[in-house]
Amino acid sequence: MSDTTAPAARPEIVIDRSSSQSMPVVERPLSAAEWIYDQTWLRKAAILIALALIWEAYGRYLDNELLFPTFTATVRAFYEGVRSGVIPLRAWTSFKVLIAGYAIGIAIASILTTIAIATRIGTDLLEILTSMFNPLPAIALLPLALIWFGLGAGSIIFVLVHSVTWAVALNTHSGFLAVSKTLKMVGRNYGLKGLRYVGAILIPAAFPSILTGLKIGWAFAWRTLIAAELVFGVSSGSGGLGWFIFENKNQLDIPTVFAGLLTVILIGLVVENLIFRSIERNTVAKWGMHS
């Protein structure tokens, strides 16, 4: 006959089951204020509005459009530039050159990092090249680019490639090195080698670092492009947004200069918050790779 008696209660242990049984778990809906605060786009929009108000207040305080135009004056100049088609045309001219330099820079960085991860000599080569050229400002190569490629898009693309390549290569290589040894052994056990190994194992595992490199490379390329176009505008009398800014500065049309700068800012915001954010949401966040 089995002993079915319950264990004796221990007086030093007190368990209150009544409170947990009588209080069911209830999901509390967010209040309106909590819901608004939880929306990232609303928080960013509020920050942008606050910055615009500060800009407007400071411009009105100075009351000098030649020194610092107000936000409303800048928006009016921006609207006129868009309506006339000048700003979209200059922006598209800049964007075409930027995409060409950005794509070539990514391609070179991909080749360098693939060689570096495959061989020790490749690793040494990448380390030496990045140590030599990464600290070198891209705009410092512009005089040489003028001699080698002449006046035109080729010279700008050359300096853009320099500004993109090393940022992407460094972050990609660091991401490859950070991939766990277990994951690498899994790839080896499946017989993956060469490009198949890089594409199936290393790139997905290192994608957060790769995406960071792409963002940094984009930022470097965008500001290098504007700076280079300022110089090329003086030389050739044509160009994109950089020349648009320089040209209107010479005419003392400062609100239009600020409209050009606003265009640069807006393009940067769109690329960062729509393109890169969408890629991140569909890859890094979807794969659960956020730290």
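**Exercise 1.** Find which helix gives the largest share of the lining of the largest pocket.

*Solution.* Start with the lining: T40, W41, K44, A45, I47, L48, L269, V270, N273, L274 and R277. A pocket is an open set of points on a 1 Å grid over the protein atoms alone, where a 1.4 Å probe fits, with protein on both sides within 12 Å along at least five of seven lines; lining residues have an atom within 4 Å of a point. Next, assign elements. Helices are DSSP runs (H or I, at least four residues), numbered from the N terminus. α3 takes the largest share, with six residues.

The model is predicted, with local features needing pLDDT of at least 70 and side-chain atom pairs pLDDT 80 or more, while totals for chains, interfaces and linings use all residues. Residues are numbered from 1 along each chain as its sequence is written, and side-chain values use heavy atoms, without hydrogens and water.

**Exercise 2.** State the volume of the largest pocket and sort its lining by class.

*Solution.* The volume is about 330 Å³, taken as the space filled by probe spheres set on the grid points, which are joined across faces, edges and corners. The lining holds seven nonpolar, two polar and two charged residues. Nonpolar covers Ala, Val, Leu, Ile, Met, Phe, Trp, Tyr, Cys and Pro; charged covers Asp, Glu, Lys and Arg; the others, Gly among them, are polar.

**Exercise 3.** Describe the second largest pocket by volume, lining and class.

*Solution.* Volume first: about 240 Å³. The lining is L48, I49, L51, A52, W55, F71, L262, I265, L266 and L269. α3 and α13 are the elements that give two or more residues. α3 gives the most, five. By class, the lining has 10 nonpolar residues, no polar and no charged.
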